[in-house]
Amino acid sequence: SKRFRPESFPLLNFLEIGNPDDPLQEISPLAGLLGVFSRRTKYRVTGNDTSGFTAFEARSKRGLPGCADAAVPTERGVVFLARDGVYLTNFIAEDEELSENIAPLFYGEDVNGLEAINWDAIHTSHIASWKNRLYVALPLGNTTVPTHLAVYSRTTRSWYLFAHPARSLFVEEDTDQLVAGFTDGIAYVLESGGTANGTAIQNTRFFGLAPR
């Protein structure tokens, strides 16, 4: 907007990105640039209000499949959920895959008793980053809402799958809590103890990465 006039947006301040056949899904700020996701690809926006703004398509043409809440900025880049896995991007270099160990779930395969991702309900998925871990709410099987919470630990480089139907995820920095809204309409604080309703919490599946 114009300086001292936040309600005024000059025509030069509008930037056309992509095309109507590939609608934009989400915008993520990252270290001096802006990342914009569409369904099929993504772009980085650079520039300033003096010289103008320009959008460049990223090297890896991989976007968000209709899930606007499935991308989160981190200190290493933006982590996002794609059709073929969970990836890390800086909108310049090639995407880095983080989900090799749970890849079958993205390709319509059941593994270790877990059903594959329901892509018809992928718009309900959500992602959050907290305490060096990634949390991805996924709809598995024939359900229309997330049924499992996939947790990736950067420390162990492993994925842990929990039968938690988290519909939304939010990190409260002032209280240092990871909060989830469940399908029962109640918000819960996660990672706050070792029991649930008096029963010890057990991870439903573990996917490890062999040490190098």
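**Structural briefing**

The chain has 18 strands and zero helices; both are DSSP runs numbered from the N terminus, helices being H or I over at least four residues and strands being E over at least two. This is a predicted model, in which local features need pLDDT of at least 70 and side-chain atom pairs count only at pLDDT 80 or more, while totals for chains, interfaces and linings use all residues. Residues are numbered from 1 along each chain as its sequence is written, and side-chain values use heavy atoms, with hydrogens and water left out.

**Overall dimensions and packing**

- Along the principal axes, the C-alpha atoms fill a box of roughly 60 × 35 × 35 Å.
- Buried residues make up 43% of the 212 in the chain; buried means under 20% relative accessible area, exposed over 50%, and partly exposed in between, with a 1.4 Å probe and protein chains only.
- Among contacts with a separation of 6 or more, 39% come from residues 24 or more positions apart, a contact being heavy atoms within 4.5 Å.

**Surface and charge**

- The chain exposes about 11900 Å², of which carbon and sulfur atoms supply 50%; the areas come from the Shrake-Rupley method with a 1.4 Å probe, and for residues only the protein chains shown count as cover.
- The chain carries 19 positive and 25 negative charges, whose mean positions are 5 Å apart.
- In this count Lys and Arg are positive and Asp and Glu negative, with His and the chain ends not counted; each charge is placed at NZ of Lys, CZ of Arg, CG of Asp or CD of Glu.

**Salt bridges**

- The structure holds seven salt bridges, each defined as a side-chain nitrogen of Lys or Arg within 4 Å of a carboxyl oxygen of Asp or Glu.
- Glu 7 pairs with Arg 5, their closest N and O atoms being 3.9 Å apart. Glu 7 is exposed at 58% relative accessibility, whereas Arg 5 is partly exposed at 41%.
- Asp 176 forms a salt bridge with Lys 131, with the closest N and O atoms 3.0 Å apart. This pair links distant parts of the chain, 45 residues apart: Asp 176 lies in the loop between β13 (166-172) and β14 (177-182), and Lys 131 in the loop between β9 (126-130) and β10 (133-138). Asp 176 is partly exposed, with a relative accessible area of 39%, and Lys 131 is partly exposed at 45%.
- Arg 133 forms a salt bridge with Glu 191, the closest N and O atoms being 3.9 Å apart. Arg 133 lies in strand β10 and Glu 191 in the loop between β15 (187-190) and β16 (195-196), so the pair ties together parts 58 residues apart in sequence. Arg 133 is partly exposed at 23% relative accessibility, and Glu 191 is partly exposed at 46%.

**Ile 186**

- Ile 186 is located in the loop between β14 and β15 and is partly exposed, with a relative accessible area of 45%.
- Apart from neighbours within four places in sequence, Ile 186 is in contact with Ala 180 and Gly 181.
- Ile 186 and Cys 67 are 119 residues apart along the chain, and their C-alpha atoms are separated by 22 Å.
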